[in-house]
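Trainee: I have a model open and would like to go through it with you. Could we start with strands and then move on?
Mentor: Gladly, let us look at it together.

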Amino acid sequence: MKQFLTAVAAAAFALGAQAADPIKIGVAGPFTGGSSSMGVSMRDGVRLAADEINKSGGVLGRQIQLIERDDEAKNERGVQIAQELINKEKVAATVGYINTGVALASQRFYQDAKIPVMNNVATGSAITLQFKDQPENYVFRNAAHDSIQAPMIVEEAVTRRGFKKVAILADSTNYGQLGRADLEAALKLKGITPVAVEKFNIKDVDMTAQLLKAKEAGAEAVLTYGIGPELAQIANGMTKLGWKVPMIGSWTLSMANYIDNAGPGGEGARMPQTFIQEPTTPKRQSFIINYLKTFNPKNSRMDSPVSAAQGYDSIYLLAAAIKQAGSTEGPKIKAALEDLKTPVEGVVTTYNKPFSKTDHEAITANIPVFGEVKGQRVVYAYPEDFKKASEVRVKDVNAKGAMEQKKRQ
Amino acid sequence: MQILTQLVFSGIALGMIYAVIAFGYQLTFATSDTLNFGQGDALMLGALVGLTLVGLGVNYWLMIPLVCLFGAVQGAVVERIGVRPALKIKSEFGWIMSTIALGIIFKNVAENVWGRDDLKFPSPLPESPMKFLGANVLPMEILVIVGAVGMMLAVEVFNRKSIYGKAVVATFNDRDAAKLMGINTGLVITFSYALSSLSAAFAGVLIAPLTLTGATMGAVLGLKAFAVAIIGGLTSGMGIILGGIILGVAETTTGFYLSTGYKDVPGLVLLLIVLAVKPAGLFGKTAIKKV
Amino acid sequence: MNVKKLVLGAAAIAALAAFPLASGNPYYIHLVETIMIYAIVLFGLDIVVGYTGQVSLGHAGLFGIGAYTAGVLILKLDAPVYVTLPAALAVTAAFGAVLALPALRVTGPYLAMVTLAFGTIVQILINEMTFLTEGPMGITLTKPSLFGHALDETEFYWLVLALLIASLVFVDRVLRSQLGRAFEALRGSPVASDCMGVSVYRYKVYAFVISAALAGLAGSLYAYSEQYISPNTYNFELTVMFLLAVIMGGRKTRTGALLGATIIVLLPKLLDDLQMFRTGAVVLAVIVVASVAVGLKRGKLTKQAAAIPVVGSIALAAVSFKLETMTDWRLSIFGLITLFVVYYLQDGIVGFVRNALNLKTKHERDTTAAKATALTRASGQGQGGNDGELLKANGVLMQFGGLKALNNVDLVVQRGSIHGLIGPNGSGKSTMMNVLTGIYQPTAGSVLFAGTSVTGRTSSDIALSGIARTFQNVQLFGEMTALQNVLVGLHHSFKSNLIDIALHLPRYLREDREQRARAHALLEFVGLESLASEEARNLPYGKQRLLEIARALALDPQLLLLDEPAAGLTAPDIKELLEIIRKIRGAGVTVILIEHHMDVVMSLCDRVSVLDFGQKIAEGLPAEVQANEKVIEAYLGGQAV
């Protein structure tokens with residue numbers, strides 16, 4: 001019965017299909033739930049890029065078809081979706097993963113199936129290292145991984161703003177815990193031990209206990225690794241306790257649901273960003289204009305500018321690789337990615353040979369800048385960064401500031 | 001010491017919320033031997049409807065009676081669709097599953113209407129804490145305690161002094177006899193469900209400014225309130241206030257001294273222990289069933 | 001097992017086994033695998049929900065414990081599959097026991113809440129105990145290895161299939177045995193069950209522990225199947241899905257469990273794929289309209305009852321064409337389906353189809369040939385206490401609040417006699433019965449039966465020590481046949497345990513045969529032999545009362561308490577009853593008889609005690625008591641003329 005229905009559906013689809021087979025690209029991310037502002041922005045950036053490419057003739061004369069699936073930020077959903085995209089939809093490649101845990105749980109299916117994954121938002125350092133020891137590694141990334149972000153956060157808190165006593169508040173997911181480990185390692189390099197290290201769960205609302213412990217320990221700043229809703233609760237908790245210290249944390253402090261839910265208490269939070277919604281170059285300007293026109297977000301503010309920009313870039317990177325490979329076979333796309341011959345002009349940066357056989361990270365430590373929550377938006381924290389923003393920062397393998405990427409516990 | 005005072009205050013405020021919801025369980029149990037497994041979702045809907053009204057510009061204090069009205073209607077709907085048919089066929093499984101199903105439906109509808117993100121509920125009172133015995137107490141927390149106790153007192157007085165109260169007791173003791181005496185037991189049961197959801201919705205708008213409002217806020221609250229109802233005893237009003245305080249303080253202290261992840265555990269474990277040892281609750285009366 | 005069922009079953013198994021080879025697509029193989037795993041859980045859940053009638057909201061938690069036992073053993077100890085599967089089964093059964101022991105002392109909504117609390121606690125503990133479970137980060141697994149060979153997708157599928165069949169056979173055997181009857185009995189009438197020596201509490205616990213074991217086994221298979229486990233999965237939503245599957249598929253049937261599992265696995269997939277969902281909804285609407293039309297034609301459905309499923313399924317199809325994405329509304333759809341099933345499809349789809357196609361649940365025509373004597377133990381009695389006095393109640397006080405239902409009552413019953421207990425309504429006769437059988441604990445006073453005290457013991461304990469009873473309001477196990485009712489009374493004679501039953505060892509098979517023979521003999525004793533395969537609720541009232549007596553006699557009692565056995569009987573039935581009671585006394589059983597029919601009391605009783613307002617006002621030979629002034633006054637009220 002099932003076979004029959006599939007046949008009917010397939011026939012119906014074939015009747016309405018384009019002349020040539022489309023290229024299927026999977027899009028996996030959280031489109032609902034606490035991480036959804038990142039997921040939806042990523043998906044919208046992806047859609048924008050796919051549309052643009054399709055309008056100008058597609059890739060290899062074929063249209064890109066996006067197969068989107070909502071993983072709800074749940075690791076087990078990610079696993080099921082990976083199997084579905086690989087075995088049922090038979091995608092050529094997948095972009096996505098917002099949540100580190102979901103990525104880590106799901107990627108091995110793509111690795112086994114020899115299908116490339118372009119992580120466009122998830123930042124856990126371990127993600128691209130999962131299959132490092134295997135001869136071929138199918139996991140790529142165009143986001144700023146935590147071995148870059150953690151030292152940046154520490155640099156900002158300890159060196160630039162002179163806080164010696166810091167507390168770490170991280171969520172209990174893979175993202176939070178791996179990020180916390182990265183923060184502790186980065187602090188250690190500066191000879192500092194955090195005065196308090198606290199954990200909270202997704203959906204937690206009352207952060208009083210953790211904040212009180214940090215306060216009692218004399219923390220001068222709170223370093224965070226979490227996502228929007230809980231980060232907002234940290235800010236609100238601080239207001240409630242009447243204890244306001246600076247919040248410096250990972251890039252997720254730019255999420256719309258953090259800014260909106262933290263209200264005035266959220267202002268001043270700082271985080272590394274690969275992209276800030278400012279038209280600082282012609283490419284960025286046209287991206288912002290097109291995005292706002294197509295998706296019309298509230299207050300003309302992208303819910304997660306970084307996710308949107310990186311999502312957009314991830315499609316262009318894949319398209320370039322497929323074009324160069326002249327095929328949609330996984331191993332060939334991978335080989336092309338590792339040796340991209342023509343530069344790809346993206347929103348975040350211009351990608352000039354972004355990947356090699358051993359290096360699957362497109363972003364290096366010199367690319368991200370610091371953003372700050374001000375006036376309910378994310379702006380450049382440092383005016384000099386804003387002034388120089390029109391100079392596109394490109395990947396520099398010798399850039400200083402990153403830690404050695406390690407699989408930490 | 002200051003921290004302990006802080007935790008105790010937060011615990012009492014939290015416990016009062018549980019008590020108000022537990023109160024709702026008592027109301028329906030008293031008349032119909034049934035409970036609304038979607039009680040937490042009634043609270044959630046109250047909070048979200050309140051949020052929308054406040055967003056439309058309605059003043060917080062004016063919004064409260066409107067939300068109460070909504071809660072009453074919602075409770076009546078639950079009774080009509082979920083409980084009444086089950087009572088008719090005398091199926092316990094029936095009303096348990098149907099109140100659960102209704103709760104799930106309400107939650108899903110709320111998710112689609114208000115979105116899956118948690119939203120901030122503007123507080124009617126200043127958000128800066130006051131100093132009380134050396135600890136920080138939010139004015140909103142005080143409002144919660146006052147509101148909760150007020151609501152329960154109001155219903156208790158209504159029960160004792162009014163003919164409705166007597167009708168409730170009669171219906172609980174012997175539904176068929178009450179019917180024969182001319183009491184419209186169906187209406188009494190519907191009314192008790194309406195009142196129960198009303199108090200849950202009221203609790204919702206009380207607690208919403210203290211936490212985030214969202215489609216998922218009701219689930220665990222409903223369960224813990226049930227723990228309070230059991231600990232206090234499904235027949236004793238005083239019991240739930242005490243039960244609420246015990247649970248609230250246990251929670252905040254566990255959250256601090258042990259770990260926030262475990263804060264829900266004491267309430268649930270307490271529930272299991274009380275049910276194992278004294279199912280009528282710490283303050284309830286054990287009823288003997290006649291064969 | 002009849003041949004048609006066997007052939008269908010074999011065909012189904014063959015089809016399932018061939019599926020992975022036919023399909024070759026790991027995605028679909030995995031899907032069917034998940035259905036089979038869920039079905040194992042549902043077999044167990046059906047025992048608890050379908051048979052014993054308890055609502056458990058914690059089975060997702062038990063499922064999770066099974067999964068995590070396997071996961072943790074693999075993570076920490078690299079344990080092989082023949083360790084993890086049994087370990088998961090055992091650990092989950094243990095958790096089930098720990099939960100059941102306190103939880104099953106309460107019923108209905110309390111139990112539901114307790115199991116819900118348990119499920120929540122399990123989820124929290126798995127989430128927080130990161131040192132053991134890795135918490136939210138989850139545990140990654142690979143498919144197991146058997147004999148050094150790593151199973152691939154298809155081979156693991158066959159392992160799951162084998163375990164599914166094993167579980168099915170196990171559950172089937174258990175439910176056909178005395179255990180299954182005990183489960184149904186405690187649901188049919190808990191009071192009667194206790195008084196027949198089947199301790200309601202104990203068997204609820206057994207049922208729960210068995211279902212926990214199955215859930216644990218399924219959980220460990222699930223871990224291998226998904227190759228990744230995290231605490232999120234084992235939440236309230238999953239529990240509700242399991243319950244929905246059981247009631248939607250159909251309670252008390254294995255097919256129902258399989259059907260239910262299929263629905264809950266495929267439905268979300270259907271909702272994801274809008275095209276498929278629309279097709280499916282239209283197909284469903286067509287099927288519903290067709291079967292409703294058949295049902296209407298055969299006169300089985302009223303127009304009113306038919307309208308709702310028709311309207312519902314057509315509305316569903318219509319809505320599916322209107323909405324762009326159904327996944328967002330997935331839970332509402334499940335909620336609505338649950339409501340629908342709870343009220344309109346109480347027997348589930350399997351039950352609905354059976355009704356519509358007029359397939360009644362065939363109770364096996366029991367063809368036990370062996371003969372046996374009905375009443376065995378009674379004649380060989382005589383131990384304990386004063387040989388003459390079988391029952392001695394002293395100063396019994398039963399007080400409910402301010403009301404003294406029994407006020408300082410003494411009662412002595414001689415062995416081998418028929419002792420009448422009479423009095424106006426509300427005088428305390430049934431209360432006395434309830435005290436004697438442990439349903440009430442007396443506020444004061446003592447009751448000695450054959451020298452040992454009765455007070456403070458449970459009803460089932462008292463029943464097993466030799467006191468049996470019938471009830472004023474007939475408390476038969478309605479959905480069971482007359483034979484099965486009596487078999488419940490014979491429960492105490494079954495000594496075989498779970499292993500004997502599961503493997504159909506000779507000891508069990510022999511016992512089953514012997515007890516069935518005895519049950520037939522007992523039915524014959526009360527003249528109901530020809531109605532052995534009739535459902536008890538379908539028997540005429542008079543026959544039901546006789547059945548209760550047969551069931552009570554199955555306990556081999558020394559003392560039989562009859563509570564108004566003649567109430568509602570016609571004159572010829574009463575004559576039959578008198579005969580039977582005399583035969584009972586002839587077999588050496590002592591009888592206490594509560595009756596209002598004076599002629600019955602006069603003709604049968606050796607001695608009569610009279611109660612009024614909880615106090616004994618007279619005692620003696622029937623004729624003496626009949627003439628006693630106080631007795632006349634009590635019955636007629638006011639002065640005797």
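**Strands, domains and contacts**

Mentor: In chain A, strand S13 (residues 369-374) and strand S14 (residues 377-380) run antiparallel and are joined by 4 bridges; strands pair if DSSP finds at least two bridges between them, and helices (H or I, at least four residues) and strands (E, at least two) are DSSP runs numbered from the N terminus. This is a predicted model, in which local features need pLDDT of at least 70 and side-chain atom pairs count only at pLDDT 80 or more, while totals for chains, interfaces and linings use all residues. Residues are numbered from 1 along each chain as its sequence is written, and chains are lettered from A and ligands numbered from 1 in the order in which they are written.

Trainee: Which residue stands opposite Lys374(A) in S14(A)?
Mentor: That is Arg377(A). The hairpin of S13(A) and S14(A) has 2 residues between the strands, and Gly375(A) takes a positive phi near 60° there.

Trainee: And how many bridges pair S13(A) with strand S10 of chain A?
Mentor: S10(A), residues 270-273, pairs with S13(A) over 4 bridges in the antiparallel sense, and Met271(A) has Gly371(A) as its bridge partner.

Trainee: What does the domain assignment of chain A give?
Mentor: The bounds, which come from an automatic or database domain assignment, are 20-144 + 280-351 for domain 1 and 147-273 + 368-390 for domain 2. Their C-alpha centres lie 27 Å apart, and the contact takes 20 residues from domain 1 and 24 residues from domain 2, where contact requires C-beta atoms, placed from the backbone, to lie within 7 Å.

Trainee: Which element gives the most to the domain 1 side?
Mentor: Helix H4 of chain A does, with 3 residues. By class, that side of domain 1 of chain A has 6 nonpolar, 12 polar and 2 charged residues; Ala, Val, Leu, Ile, Met, Phe, Trp, Tyr, Cys and Pro count as nonpolar, Asp, Glu, Lys and Arg as charged, and the others, Gly among them, as polar.

Trainee: Switching to chain B, how many residues does the contact with chain C take from each?
Mentor: It takes 35 residues from chain B and 36 residues from chain C. On the chain B side, H4(B) gives the most, with 15 residues, and the classes are 26 nonpolar, 6 polar and 3 charged residues.

Trainee: At what angle do H1 and H8 of chain B cross?
Mentor: The axes of H1(B), residues 2-32, and H8(B), residues 185-207, cross at roughly 175° and come within 8 Å; axes are lines fitted to C-alpha atoms, for helices over the stretch in contact, and angles run from 0 to 180 degrees between N-to-C directions. That makes H1(B) roughly antiparallel to H8(B), as angles under 35 degrees count as roughly parallel, over 145 as roughly antiparallel, 65 to 115 as roughly perpendicular and the rest as oblique.

Trainee: In what order do the strands of the open sheet in chain C come?
Mentor: The order of the 4 strands is S6-S5-S8-S9, with antiparallel pairing. The edge strands, S6(C) and S9(C), each pair on one side only.

Trainee: Where in chain C does pLDDT stay under 50?
Mentor: It does so over residues 378-386 of chain C, whereas chain C averages a pLDDT of 85, on the predictor's scale of confidence in each residue from 0 to 100. The model scores ipTM 0.86 and pTM 0.86.

How values were computed
Two residues are in contact if their C-beta atoms, placed from the backbone, lie within 7 Å.
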